Amino acid sequence: MPEIPEIASRAREMNQALPGKRIGHIEVIQPKSLNLPTEDFCKALVDTVIEEVTYHGKWIKVRTTRGWLLLNMGMGGEILLTSREKMPVKYRLAFDFTDGTCLAINFWWFGYAYYSELDGLHTIAMIAKLGPTVLDLSEDEFSALVKEQKPGMRIKDFLLDQSRVAGIGNAYIHDILFLAGLHPLRKILTLSDADISCLYTAVQRGLEPSLAKGGAFYETDLFGQKGGFEMKDILIGYREGNPCPVCGESIEKIRTGSTSSFICPGCQPLI
Ligand SMILES: [Zn+2]
């Protein structure tokens, strides 16, 4: 599932390549992905010009002259800037630009392509309920957000709950908590100011290597190249049985609620 490193990288590439392009035609193969009937969706976006591409949590936000195109890749997928001559075998949506290029979008499982008027983002429930993107927060804002949660909330649940703080998922959470020295089941009430400060830094440090490499290897960029962040770049996530890179203890895979977590029992004690 794409998380901040993949979403931010795609949005950055799209923002370099797409502004100024005019949508001439839209082909919809999976109407269920849309929030409007196909005809209304196309009518809203055809003949608009793309102005800017940004992101919020796991949503890519394409601002056009007449509204937003909002993309959520769900479990993953491809967004390719190509042409009709070089279309991928599988795609669910295609935006033909008047310059002859084409944006082909494929969802591996299911994704969303929503339209909203420029001042209507608050009417899209899945966007309106999102917390702030975690990388947009200053340390003070992050600390305040942590402290306003229920004291009994587990720190892992907080970081993964997109309505509280958006952008982190199951790929990067393990290394983030490891870098912070925090057990995933630690309750918020047990965190000191120093712990929260450490966690803030760990979020940046946990996402930065993949951000710098264009995202994870299992995702492709706007031109079909694989991301440069590989399994070997992961510190402890998905590495049970291997030695911790800091203390050498064996990395463990444990159940935490409905999900699994990877921890170093030496570096991440459950206090
Ligand atoms: Zn360790």
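Start by colouring the two domains: 17 residues of domain 1 are in contact with 20 residues of domain 2, contact being C-beta atoms, placed from the backbone, within 7 Å. This is a predicted model, in which local features need pLDDT of at least 70 and side-chain atom pairs count only at pLDDT 80 or more, while totals for chains, interfaces and linings use all residues. Residues are numbered from 1 along each chain as its sequence is written.

For your selections, domain 1 is 4–128 and domain 2 is 134–263, bounds that come from an automatic or database domain assignment. Their C-alpha centres lie 28 Å apart.

Now pick helix H1 (4–17) and strand S5 (77–83), the elements that give two or more residues to the side of domain 1 that touches domain 2. Helices (H or I, at least four residues) and strands (E, at least two) are DSSP runs, numbered from the N terminus. H1 gives the most to that side, with nine residues.

Next, select H6 (residues 173–180) and H7 (residues 193–212), whose axes come within 8 Å and cross at roughly 135°. Axes here are lines fitted to C-alpha atoms, for helices over the stretch in contact, with angles from 0 to 180 degrees between N-to-C directions. Show Asp175, Ile176, Leu179 and Ala180 of H6, which make the contact with H7 residues including Cys198, Leu199 and Arg205.

Finish at strands S9 (residues 252–256) and S10 (residues 259–263), which pair in the antiparallel sense over five bridges; pairing requires at least two DSSP bridges. Click isoleucine 254 to find its bridge partner in S10, serine 261. Two residues separate the strands of this hairpin, and glycine 257 in the turn has a positive phi of about 65°.
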